[in-house]
Every structure is written in C-alpha cells, then in structure tokens.
Amino acid sequence: MIEAHGVSLTFETADGPVHALKDVDLTIEKGDFVSFIGPSGCGKTTFLRTIAALETPTSGQIGVNGMSADEARRARAYGYVFQAPGLYPWRTISRNISLPLEIMGFSKADRDEKIARVLDLVELGGFGGKFPWQLSGGMQQRASIARALAFDADILLMDEPFGALDEIVRDRLNEALLELWRKTGKTIGFVTHSIPEAVYLSTRIVVMSPRPGRITRIIESTLPRERPLEIRDTPEFIRIAHEVREGLREGHSYD
Ligand SMILES: Nc1ncnc2c1ncn2[C@@H]1O[C@H](COP(=O)(O)OP(=O)(O)OP(=O)(O)O)[C@@H](O)[C@H]1O
C-alpha cells in the first residue's frame, strides 16, 4: 500500500544541512500496523510527514496505492493524527470533526451520519455537543482520532498521539486503537518513543537511528492480532521488546 524507495530528506538550515532521512526503503502492506521507534531527532516525524506529502523528499520516491504521495494526499488517502489534539476550542467536538468534511463538501446529512459513526468508534457517543475543554486529555485525543477517521481514509498516520497522556489512559487508548484497527482493517503508521507501546500495537516495528535518520531494523511481530493487555507479560512479548531494545542500541553505536 505504501512504498518508499531510497527516500532522503535534507533540511537546509542557517546552521547548515540537517540530514533528517537517508536512503529509507520500506514497504507497508495493506492492513499493516507499523510503528516507528527511535531516539529523538531520528526522523520519525519527518518520515510520517513525507508519506503524507507534508514534506517533499530531496531524493527517492514514495508510492501510495500506485499514486505519488501528493496525489494520494489530494485523493484524501490519509487521516493524520498529530501529537497534540489540536481541536478548535470554539467548536464543539462534533463541529471539530465536521470541519474537514465541510471543506470536502459533504452535505449536512452525510456529515452528521459520519460524525455519529466515528464518535461511536472512539467511544465518545454522547459527547459531540461538548467543547474540547470540557473533556479530559484522553477524550480530546480520541476526538482528534475521530476527526482523522471521519472521511474514512484507508491510511491512518499517527504521530505520537498518546505521548502526553498518563500510563493508565494510554493503556486504555492502546486497547481501543487495536480494536478499531481490527474492526476497520485500516493501514496504520504510528510514531512512538515507547517500546511496550510499539510491541503491543504493531504487526511490524521499524527501528530508526539518527544522524542521518535511517532504518536499522524491521521486526515482524509474532503476536496474534487479538491482544489483551496481559499479553505484555508473556515471554513472546518480552522477546520482541528485547529485540527492539537491541535494535535501538545498535543504531546508537553509529553516533
Ligand atoms: N522543518 C525543519 N527544518 C529544519 N530541520 C528540521 C525540520 N523538521 C525537522 N528537522 C530536523 O530533522 C531531524 C529529524 O526530526 P524529526 O522531528 O523527524 O525527528 P523525530 O524522530 O520525530 O523526533 P522526536 O521523537 O523528538 O519527535 C531533527 O534533527 C530535526 O531538528
């Protein structure tokens, strides 16, 4: 579904060039849940933004369903969830979710139907009339996921969506996200700093390292798709987490 070939991206800054990505090759299959993990500054966000055509690679190509990343963006192939919920405080939750749909020209009846569906999916049915500040941080992040799901894009790109939340809320949202992924069959790209989160959620874990940002290891998960939280105590989970940690350590030795 997503193919990156030799993707490099250098930012020209006042202090000289920053090599954010170097020769990144990656294939993401339809229905994959792929996590990107690595130390701060290794290019995880830049790679996600490049897939979504929010950045243009200096060299290399990204293909999405046979289209260029830019064509895919215009065809609304992506929903994008940012680190902060980014909801407009003067709009209710429903009207926040409605905004991209309004821009895309959906009728009021279509919008209402889609909003009700995604609010149910993220378990916020009944909260559509509230304003963002009336909801907890976890609920706001669920609302921003609902907004990204509203136009039913096949691909969901999520940049550390739960990074600012406490561990208990994060566990609950991880479970909810897995459930949503299983129900919808979407292809998900997910940036995280957390090894347990990456192992719990993913079908594949992409380990990256900085200076320049590149992929050091791709780990295929052997965990079943059905994953109760207790799976984190199993030997198989611990083995995969260990492999991720080793990959991170390997990347570090380049510094
Ligand atoms: N617009 C930009 N202009 C210049 N440099 C940039 C820009 N965006 C990112 N960078 C640099 O590119 C590198 C990769 O940044 P990126 O945000 O992709 O890393 P990251 O792995 O997502 O980090 P974090 O985990 O802290 O979010 C960093 O050195 C960053 O400073």
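The shell around the ligand holds 4 nonpolar, 8 polar and 1 charged residues. Here Ala, Val, Leu, Ile, Met, Phe, Trp, Tyr, Cys and Pro count as nonpolar, Asp, Glu, Lys and Arg as charged, and the others, Gly among them, as polar. The model is predicted: local features need pLDDT of at least 70, side-chain atom pairs count only at pLDDT 80 or more, and totals for chains, interfaces and linings use all residues. Residues are numbered from 1 along each chain as its sequence is written.

Start at the ligand. It is surrounded by 13 residues, and the closest are F11, A20, S40, T45 and T46. A residue is near a molecule if its C-beta atom, placed from the backbone, lies within 6 Å of it. Strand 1 (2–13), strand 2 (16–28) and helix 1 (44–51) each give at least two residues to this shell. Helices (H or I, at least four residues) and strands (E, at least two) are DSSP runs, numbered from the N terminus. Helix 1 makes the largest contribution, with 3 residues.

Now follow helix 1. Of its 8 residues, 7 are buried, meaning that 20 or more other C-beta atoms lie within 10 Å of the residue's own, with C-beta atoms placed from the backbone. They are K44, T45, T46, F47, L48, T50 and I51. Just after the helix, A53 takes a positive phi of about 60 degrees.

What does helix 1 lie across? It lies across strand 3 (33–37), strand 7, strand 8 and strand 9 (204–209). Its angle to strand 8 is about 155 degrees, on a scale from 0 to 180 degrees between N-to-C directions, with axes fitted to C-alpha atoms, for helices over the stretch in contact. Contact requires C-beta atoms, placed from the backbone, within 7 Å.

Those strands belong to an open sheet of 6 strands, ordered 6-7-8-3-9-10, with mixed pairing. Two strands pair if DSSP finds at least two bridges between them. Strand 6 (78–81) and strand 10 (214–220) are the edges, each pairing on one side only. From one strand to the next, the twist averages 15 degrees. Strand 7 (155–159) and strand 8 (187–192) run parallel, joined by 5 bridges. M158 has F190 of strand 8 as its bridge partner.

Another open sheet has 4 strands in the order 2-1-4-5, paired antiparallel. Strand 2 and strand 5 (67–68) are its edges. Strand 1 meets strand 4 (59–64) over 5 antiparallel bridges. There, A4 is partnered with I62.

Technical notes:
Buried ≥ 20, exposed ≤ 12 C-beta atoms within 10 Å, placed from the backbone. Contact = placed C-beta atoms within 7 Å.
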